Amino acid sequence: MDNVLTVENLNVSYGRFGVIKDVTFSVQKGDYINIIGPNGAGKTTLAKAILGLIPYYSGSINLFNHRIGYLPQKTSFFGKFFPATVKEIVSLGLLGTKKHPKIFNSDDLNKIDNTLKKLDIYDLKNRKIGLLSGGQQQRVLLARALVNSPDILLLDEPTSALDPHFKREFYHILENLNKKDLTTILHITHDISGNEDNNNKILYINQSIIYYGNRENYTLPQMD
């Protein structure tokens, strides 16, 4: 099997409180996995552990040197006076690949342009991000996560602040990334109500894994 991520016997605690307990699962190339569970179940902690943002845990996490892009939960939007342009925001996704001095070359600029075109926001390239709608801003942040061509895309409830119209558009973008580009997607969400029929797996976590398998076999109550 072509695994792009394995998590084995993962345990994470904050002080004496265990947040994640003995979590084990593997992700294969091209998987689309909805990570669900009640509030406080450890979903975001799991994401942070995979991203390497939690220094102390037991168990193992192996990304097999695959690149990972991250789109965090968006609780507020940019104010209208935020000075950065769309191009500048997206370019931040390439900074991690740059040694000092962090200068963008023509290849980097082409990557930015191509990513903006893929997400149908190229015409917004020189607009200030604070002047865009919430849905447009979320596309820009997705472009920032995608500009370095990650093998895995990790999203933490990215549609929680979007209206139903933009939410459907966003799910369609994710479906294309998964099916056409074979990007592996880990999607933390409360919404498995039918907007994401392309998803092939469910991971239900409540500190430990309650269910992990194909969506059609999932019988636990859907999350509110």
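## Strand β1 and its partners

Strand β1 pairs with strand β4 (residues 58-62) through 4 bridges, and the two run antiparallel. A quick note on terms: strands here are DSSP E runs of at least two residues, helices are H or I runs of at least four, and both are numbered from the N terminus. Two strands count as paired if DSSP finds at least two bridges between them. This is a predicted model, where local features need pLDDT of at least 70, side-chain atom pairs count only at pLDDT 80 or more, and totals for chains, interfaces and linings use all residues. Residues are numbered from 1 along each chain as its sequence is written, and side-chain values use heavy atoms, with hydrogens and water left out.

β1 (residues 3-14) also runs antiparallel to β2 (residues 17-28), this time with 8 bridges. T6 is a handy place to look: it stands opposite N62 in β4 and opposite S26 in β2. The β1 and β2 hairpin leaves 2 residues between the strands, and G15 in the turn has a positive phi of about 65 degrees.

## A second hairpin

The hairpin has 1 residue between its strands, and Q207 takes a positive phi near 70 degrees.

## Helix α5 and what covers it

Helix α5 (residues 164-179) has 16 residues and reaches 22 Å from first C-alpha to last, close to the 22 Å expected at 1.5 Å a residue; that expected span is 1.5 Å times one less than the number of residues. Buried in α5 are K167, F170, Y171, I173, L174, L177 and N178. They sit on the same side of α5, because they cover an arc of only 155 degrees around the axis, taken from the directions between the helix axis and the C-beta atoms. Buried means under 20% relative accessible area, with exposed over 50% and partly exposed in between (1.4 Å probe, protein chains only).

The cover over those buried residues includes β3 (32-36), β5, α3 (106-118), α4 (134-146), β6 (152-156) and β7 (184-188).

## A84 in its loop

A84 is in the loop between β5 (68-71) and α2 (86-91). A84 counts as buried because its relative accessibility is 13%. Leaving out residues up to four places away in sequence, A84 touches I89, R127, K128 and I129, where contact means heavy atoms within 4.5 Å. A84 and R127 are 43 residues apart in sequence, yet 8.4 Å apart in space, C-alpha to C-alpha.
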